[in-house]
Amino acid sequence: MCPQKEKRIKERQSYKKKEGRKIQVFRRGERWRRKSVDIRTRDRYCCQICKRKLYGAKRVETEGISVHHIVPIVEDWDARLDDSNLISLCGRHHEMAEKGEIPRKELQEIARQQEEEDEGAV
């Protein structure tokens with residue numbers, strides 16, 4: 001594992017201990033539930049990595065879709081509800097994103113594209 005990733009993981013773990021309760025309350029709250037539905041709706045309940053046939057995707061996954069924080073809450077509390085920091089992913093790609101196997105920059109670019117597409121549809 002690269003030193004930068006190891007450092008990020010340790011920072012996240014340390015922050016989780018201090019801020020864990022705050023994050024747990026947020027994740028159970030109404031604001032997150034509404035935002036999560038908004039993002040899945042924006043992304044048409046499709047994994048955005050599968051949709052683009054990236055990272056071994058063979059079909060577009062529409063089941064078990066969850067919303068991923070591109071920059072984790074523990075790293076940037078203020079970005080927790082920013083549409084540009086949120087993306088719909090299937091379980092497989094969510095896990096890959098969490099592990100850093102899908103670069104954040106790539107996820108951010110996809111989220112940006114989804115925002116533009118959503119604005120164009122209105």
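1. A nonpolar core is taken here as a set of buried Ala, Val, Leu, Ile, Met, Phe, Trp, Tyr and Cys residues joined through side-chain atoms within 4.5 Å. Buried means under 20% relative accessible area, exposed means over 50%, and partly exposed lies in between (1.4 Å probe, protein chains only). The largest such core has 15 residues, and C47, I49, I87, L89 and L107 have the most contacts inside it.

2. On provenance: the model is predicted, local features need pLDDT of at least 70, side-chain atom pairs count only at pLDDT 80 or more, and totals for chains, interfaces and linings use all residues. Residues are numbered from 1 along each chain as its sequence is written, and side-chain values use heavy atoms, with hydrogens and water left out.

3. Helices (H or I, at least four residues) and strands (E, at least two) are DSSP runs, numbered from the N terminus. The largest share, three residues, is supplied by α5. For C47, one of the residues with the most contacts inside this core, the partners are E61, I65, S88, L89, C90 and H93, not counting residues up to four places away in sequence. Contact here means heavy atoms within 4.5 Å.

4. A second, separate core holds ten residues, including F26, W32, V67 and W77. F26 and W32 form a tilted pair, 5.6 Å centre to centre with 50° between the planes. Relative accessible area is 10% for F26 and 9% for W32, and both residues are buried.

5. The F26 and W77 pair is edge-to-face, at 5.8 Å centre to centre and 70° between the planes. F26 lies in helix α1 (residues 3-28) and W77 in the loop between β1 and β2, so this pair ties together parts that are 51 residues apart in sequence. Both of these residues, F26 and W77, are buried.

6. Eleven salt bridges are present (a side-chain nitrogen of Lys or Arg within 4 Å of a carboxyl oxygen of Asp or Glu). One of them joins R104 to E75, with the closest N and O atoms 2.9 Å apart. R104 is in helix α5 and E75 in the loop between β1 (66-69) and β2, so the pair ties together parts that are 29 residues apart in sequence. R104 is partly exposed at 24% relative accessible area, and E75 is partly exposed at 33%.

7. In the salt bridge between R42 and D43, the closest N and O atoms are 2.8 Å apart. R42 is buried at 4% relative accessibility, and D43 is buried with a relative accessible area of 1%.

8. The side chains of E30 and R33 meet in a further salt bridge (3.5 Å, N to O). Both residues lie in helix α2 (residues 30-42), three residues apart, about one turn of the helix. An α-helix has 3.6 residues a turn, so residues three or four places apart point the same way. E30 is partly exposed at 42% relative accessible area, as is R33 at 43%. Salt bridges that share partners join E30, R33 and R34 into one network.

9. Within α4, H93, H94, M96 and A97 are buried. They cover an arc of only 160° around the axis (from the directions of the helix axis to the C-beta atoms), which puts them on the same side of α4. Just after α4, G100 takes a positive phi of about 85°.

10. H68 is placed in strand β1 and is buried at 2% relative accessibility. Leaving aside neighbours within four places in sequence, H68 is in contact with N85, L86, I87, L89, H94, A97, E98 and L107. The side chains of H68 and E98 also make a polar contact at 3.2 Å. That term covers a pair of N or O atoms within 3.5 Å; within protein, one must be able to donate a hydrogen and the other to accept it, and residues adjacent in sequence count only if both atoms are side-chain atoms. The C-alpha atoms of H68 and E30, 38 residues apart along the chain, are separated by 17 Å.

Key
Phe/Tyr/Trp six-rings, centres within 6.5 Å; stacked < 30°, edge-to-face > 60°.
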